[in-house]
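This report covers helix packing and a set of loop residues. Please read it beside the sequence and the coordinates.

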Amino acid sequence: MTIGILGTGYVGLATAASFAARGFAVVCADVDEKKIALLQSGKLPFFEEGMSEVFAAASIPVVFTVDLTAACQCDIVFCCVGTPSAADGSADLSFVQSAAQTCADVAPNAIFVLKSTVPPGTARAMTQYVNGKLRIAANPEFLREGCAVQDALNPSRIVIGADQESVLLVLLDVYREVNVPVVSTNTITAEMIKYASNSFLATKISFINDIANLCDVIGADVQSVAKGMGLDDRIGAKFLQPGPGYGGSCFPKDVRALMHLGESVGVPLRILEAASAVNADSQRMPYVKLVDSLGDLHGKRVAVWGLAFKPGTDDIRDAPALGLLRQLLIDGSVVTAYDPLVVSLPTEFAAVARCSTPIDALQNADALVIMTDWKEFFAFDRVTILAAMSGTCIIDPRYVLKRSEVMVQ
Ligand code: UDX
């Protein structure tokens, strides 16, 4: 069976890598010539642990091409193109539409599987859009950046949404060797599973961030609270780490899109509205704490450790650190920043001095803010940090120093 992939972002390449590792012939297509040229030369357009190695080891080399037709003519076509937020919070489906139209034109009746995160109802809407010329299914992914390959190779579950029995059977067959629970359902339900999963995890993070604020004020230790809660397997320990709000390419966008869908059908999702509002406050919290501590930030020297939205990736989409940098520059602070993977920042941050080590960033600093919990930051203690900077203000929304003290004990 041959696998076509449309779109070579995280989802497309992780999906391609997982099928290639299972021995399928994979054709990966994208309209972005530069990206395809990079992939053809054996490089990735982003950092992702272990992904290059999987492509290099594939028994049938993955074909990277700008020829969308070649991918559309495979036995199954996975649509992995982006679904960014539109101005009103809804998901912009123009890339999905264009991929579906291309596929319908060159390979009528193809099995076209939506891997991209799309609002419930999209598979059916797309079927109408192409006048029934494609057999469209929904097969959402649940992979996380930083461990995308592992997640694609060893998923927690496989969700298959198909509105035709024949399509369901083909998809069950393509995953037959993956020994995990399979949820097979119709397309709209499969699409909803993905949105509900991401929204639930985002809500869990906002919940613990709210609890963390209360703990800070009353003098309780939120790390122990999270531990104590997480040991109840009805709650679970994961996604209870407080921080400067959830970021990245999925949670903020997917929560917005689900809220938009709810509103559009007269079912406001009040818990998500609260989770989203708490997240906005959580993202702003490090700045508020800095002002509480230093007053007017004009001319103050602030070091920022970590720019990526989480460790293990060079992705800065919706990264909480960017909001902080933006505010610091508006206030006229002198900003230094260190991140082990993020190479470039948008031009609006040109005034931020990039440093090649965490200690370099601390020189003459009045304050340090730790925005990403990179592993290497856990090697530092308060004494070492304070010795390298001028001031005494350390804002640690990820609880890195607290967590490293616990690790040392
Ligand atoms: C997420 C989902 O986890 C994944 O299943 C889906 O397919 C895509 O979206 P990802 O965006 O890669 O994956 O990152 P994730 O590890 O989920 O973290 C998202 C954000 O939440 C990050 O900003 C992270 O720092 C934050 N987070 C996560 C917390 O603040 N606390 C936690 O306990 C966990």
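What follows treats the helix contacts first, then individual loop residues.

**Helix packing**

The model is predicted. Two packed helices are described by the angle between their axes and the distance between the axes.

| Helix pair | Axes come within | Crossing angle |
|---|---|---|
| H9 and H10 | 9 Å | roughly 135 degrees |
| H6 and H9 | 7 Å | roughly 130 degrees |
| H9 and H12 | 9 Å | roughly 50 degrees |

Start with H9 and H10. H9 spans residues 187-218 and H10 spans residues 222-230. Their crossing angle of roughly 135 degrees makes H9 oblique to H10. The crossing is right-handed. On the H9 side, the contact residues are Phe207, Ile208, Ile211, Ala212 and Cys215. H10 answers with Val222, Val225, Ala226 and Met229. By class, this contact holds nine nonpolar residues, with no polar and no charged ones.

An α-helix has 3.6 residues a turn, so residues three or four places apart point the same way.

Next comes H12, which covers residues 270-294. Its axis and that of H9 cross at roughly 50 degrees. H9 and H12 are therefore oblique to each other. This crossing is left-handed. H9 contributes Ser199, Thr203, Ser206, Asn209, Asp210, Asn213 and Asp216. From H12 come Ile271, Leu272, Ala275, Val278, Asn279, Ser282, Met285 and Lys289. The contact of H9 with H12 divides into five nonpolar, seven polar and three charged residues.

The remaining pair joins H6, residues 122-129, to H9. H6 uses Thr122, Ala123 and Arg124, while H9 uses Thr187, Ile188 and Glu191. By class, the contact of H6 with H9 has two nonpolar, two polar and two charged residues.

Is Asp315 buried or exposed? Its relative accessibility is 6%, so Asp315 counts as buried. Asp315 sits in the loop between strand E9 (301-305) and helix H13 (320-331). Its side chain makes a polar contact with the side chain of Arg317 at 2.8 Å. Beyond residues up to four places away in sequence, Asp315 touches Tyr10, Glu145, Ser249, Ala308 and Phe309.

Glu141 belongs to the loop between strand E6 (135-138) and helix H7 (148-153). Glu141 is buried, because its relative accessible area is 7% and the cut-off is under 20%. A polar atom of the Glu141 side chain lies 2.7 Å from the backbone nitrogen of Leu143. Leaving out residues up to four places away in sequence, Glu141 touches Val11, Lys115, Thr117 and Lys194.

Asp296 lies in the loop between H12 and E9. With 58% relative accessibility, Asp296 counts as exposed. Its side chain reaches the backbone nitrogen of His298 at 3.0 Å. Trp374 is 78 residues from Asp296 along the chain, and their C-alpha atoms are separated by 29 Å.

**A helix cap and positive phi values**

Which residue caps the N-terminal end of helix H2? Asp32 does, at a helix that runs over residues 33-40. A side-chain oxygen of Asp32 lies 3.1 Å from the backbone nitrogen of Lys34. Just after H2, Gly42 takes a positive phi of about 85 degrees.

Asn109 is not a glycine, yet its phi is positive, at about 75 degrees. Asn109 is located in the loop between helix H5 (94-106) and strand E5 (111-114). A relative accessible area of 45% makes Asn109 partly exposed.

Tyr399 is a residue other than glycine with a positive phi, near 60 degrees. Tyr399 occupies the loop between strand E13 (393-395) and helix H16 (400-408). At 14% relative accessibility, Tyr399 counts as buried.

Note on methods
Residues numbered from 1 in each chain as written. Predicted model: local features only at pLDDT ≥ 70, side-chain atom pairs only at ≥ 80, totals over all residues. Heavy atoms only, no water. Axes fitted to C-alpha atoms, helices over the stretch in contact; angles between N-to-C directions. Helix = DSSP H or I, 4+ residues; strand = E, 2+ residues; numbered from the N terminus. Parallel < 35°, antiparallel > 145°, perpendicular 65-115°, else oblique. Left-handed = near helix turned anticlockwise from the far one by under 90°. Contact = heavy atoms within 4.5 Å. Nonpolar A, V, L, I, M, F, W, Y, C, P; charged D, E, K, R; others polar. Buried < 20%, exposed > 50% of the residue type's maximum accessible area, 1.4 Å probe, protein only. Polar contact = N/O pair within 3.5 Å; in protein donor to acceptor, adjacent residues only side chain to side chain.
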